[in-house]
Structure formats: C-alpha cells, structure tokens
Amino acid sequence: MEIDDCNRGGSREMEQDMTAQYFLPLSTYPDSSSGLIISNAVAFAGHYGASLHACALRVGIPHIPNAWSSLLLDTPKMIEHAETLSRERAETLIAAATNLAANAKVELSCRTVKTTVPLLHETSATEARFFDLAILECVADVPDTRIVAEAVIFGSGRPAVIIPNKTLAGPIDHLVIAWDGSRTAARAVSDANPFIRKAKRVTVLSLTGEKPLPETSGAHLAEILVSSGVNASATAARVTSSSIGQSIQQTALELSADMLVMGGFGHSRLRDFVLGGATDGVLEQPLLPVLMSH
C-alpha cells in the first residue's frame, strides 16, 4: 500500500482542550464521493471545533499477464484508464476539501492512499481507526457508499456519522437517542457524549411493538443524563412501519431531531454482514444525520 501525505493547517489556533479528530474517506472508484459530503464534513467539523482528516482512496489494479490480456479486450488500456480516472478524482476531491476547509477556517490534513479494489472498503475501516469519528455518506443508488459505511461502522471500532446526501449539516440542537437498553445502544450513547453535552435538548426514544423493552429503561437513562446536567427527557412511540429503521427515523423527524444516535447491530460471516433490522433500514435510506456505533 502506497501513501502520499500532505498536511495543510487552518488558521484556527490550537485550544488547550483536546481537539476532536474527524475522518472523511473519499472514494474515487468505481464511483466518486460527492462534493456535498465534503462540504458537510467541513461544516460539521467547524461546528464542533474539530480537525478534519480527508483520505482519498486511489485504486491500483494488478496488471494481467500478456498471455491472458491478449485473449481479452484491450485490458492494459482499461486498467490505465481506471487508474488515471481514480487518480484525477483523488486530486479533485482533495482540492475541493482544501478550498472548503480554508474558507471555513477548519484545520485540515489530507492524504492519498493507494490500494487495490478488493481492499478499498477494508482500507477505509483501517484508516478510520486512528480518529475519533468518521463522517460518511450513504446514497441509495450508489451501492458502494453503503459498503464503505458498513465496513467503517463494523470494522473500525469507531463511531460514524452518516449524513444523507440531500442534507446540509448544521449544529445539533436537538438530539434523539434510540434506546433499547442494549450494549450497542449504550456504546452509542457513550460515543455521542460530545454532542449530547452541547445539544440544547436530548430526547431518549424507545419504540414499542418491535421487541420487549423494560418500561422504565428510557426514563432511567434520561434521569441519568439530567443528573449530568443535560436537558433530557424520555418518550415512547410505537413502530409505524414494517421497517424498524424507517420507524425510528420518521419518529425522530417528527420530534424535530437534528441527529439520531443509535447502536449498529450486525454480525460478520465470511466477510458478509448480517445486519439488524434497524441498522439495515437506516443504511438503506438515511433520512437525517445518524450517529451509529457498534
């Protein structure tokens, strides 16, 4: 794996407190990351005084021996075209991130990592392990964005914020926690602590009708948050559709949430993810920014 580094510091002075470090993976092949996710990542980092680390993933395609390539279409030219396209996209994405971060006075470091096509998603997860949080896009008609999201959520050991591609990132004033008392939900609450602390209002949401829940579990979490100085309350709602993920999101939107916090549930079997219903529903179609943690 080849790595090219370039560091560009913004004009924001270092604070005495630890500065959060956010990670933004940028795909270049087969599809390119959108300009909107770069804009949203810069805005999101700016709202929370975080440093942003953009990583463009370039592809290197192994060359096929002449004995084989002569039997196929013009394989060497196809490989060259794919690698050139990936390299040019990486340069474009890094340039866009650099310009947007400079204008927003967000501290940015950028790098380009060259890897092979089968390892693109795993490389995203590996790179994300160094940072506090990953910022991801998940676009319904671009399957690769979901594959990257799954790899980072389940393979990095870090939380991720998934921002829908039609959303403009802003401050998180009202945060909704999807709470079922599980280990993954507890992990997500802990990982969301920086946002919980700065939110003006936090709602602990428990959905009934999907699986048995202790009646006072959500209220108990809200009480603990209030004891910590958080403006928190608890509410319950019934599942409204066949998709628990869509029900959670729709209820959060009805509560005027700016962000949803939830645990990501899934198992890895032979490198294929078997996802829980709520996780699958959110990754299929995110409706609002979602902090997901496994």
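The model is a predicted one, and three cavities of 30 Å³ or more are found in the structure. The largest cavity has a volume of about 100 Å³, whereas the largest pocket has a volume of about 460 Å³.

**Largest cavity**

- The lining of the largest cavity is made up of Leu 24, Pro 25, Ser 27, Ser 33, Ile 37, Ile 135, Leu 136, Glu 137, Thr 145, Val 148 and Ala 149.
- Three elements, namely strand S2 (21-27), strand S5 (133-137) and helix H5 (143-155), each contribute at least two residues to the lining of the largest cavity.
- Sorted by class, the lining of the largest cavity comprises seven nonpolar residues, three polar residues and one charged residue.

**Second largest cavity**

- The second largest cavity holds about 50 Å³ of space, and the residues that line it are Ser 27, Thr 28, Tyr 29, Leu 57, Leu 120, His 121, Asp 144 and Val 148.
- Helix H4 (120-128) and helix H5 each provide at least two residues of the lining of the second largest cavity, which divides by class into four nonpolar, three polar and one charged.

**Phe 23 in strand S2**

- Phe 23 belongs to strand S2, an element that also supplies at least two residues of the lining of the largest cavity.
- Because its relative accessibility is 2%, Phe 23 counts as buried, the cut-off for that class being under 20%.
- When neighbours within four places in sequence are left aside, the residues in contact with Phe 23 are His 53, Cys 55, Ser 124, Glu 127, Ala 128, Phe 131, Leu 133, Ala 134 and Ile 135.

**Largest pocket**

- The largest pocket is lined by 21 residues, and those lying nearest its centre are Ala 20, Tyr 22, Asp 132, Pro 194 and Phe 195.
- Helix H6 (183-191) and helix H7 (193-198) each give at least two residues to the lining of the largest pocket, with the largest share, four residues, coming from H7.
- By class, the lining of the largest pocket has eight nonpolar, five polar and eight charged residues.

Definitions and conventions. Residues are numbered from 1 along each chain as its sequence is written. This is a predicted model: local features need pLDDT of at least 70, side-chain atom pairs count only at pLDDT 80 or more; totals for chains, interfaces and linings use all residues. Side-chain values use heavy atoms; hydrogens and water are left out. On a 1 Å grid over the protein atoms alone, a cavity is a set of points where a 1.4 Å probe fits but cannot get out, and a pocket is an open set with protein on both sides within 12 Å along at least five of seven lines; lining residues have an atom within 4 Å of a point. Grid points are joined across faces, edges and corners, and a volume is the space filled by probe spheres set on the points. Ala, Val, Leu, Ile, Met, Phe, Trp, Tyr, Cys and Pro count as nonpolar, Asp, Glu, Lys and Arg as charged, and the others, Gly among them, as polar. Buried means under 20% relative accessible area, exposed over 50%, partly exposed in between (1.4 Å probe, protein chains only). Contact means heavy atoms within 4.5 Å.
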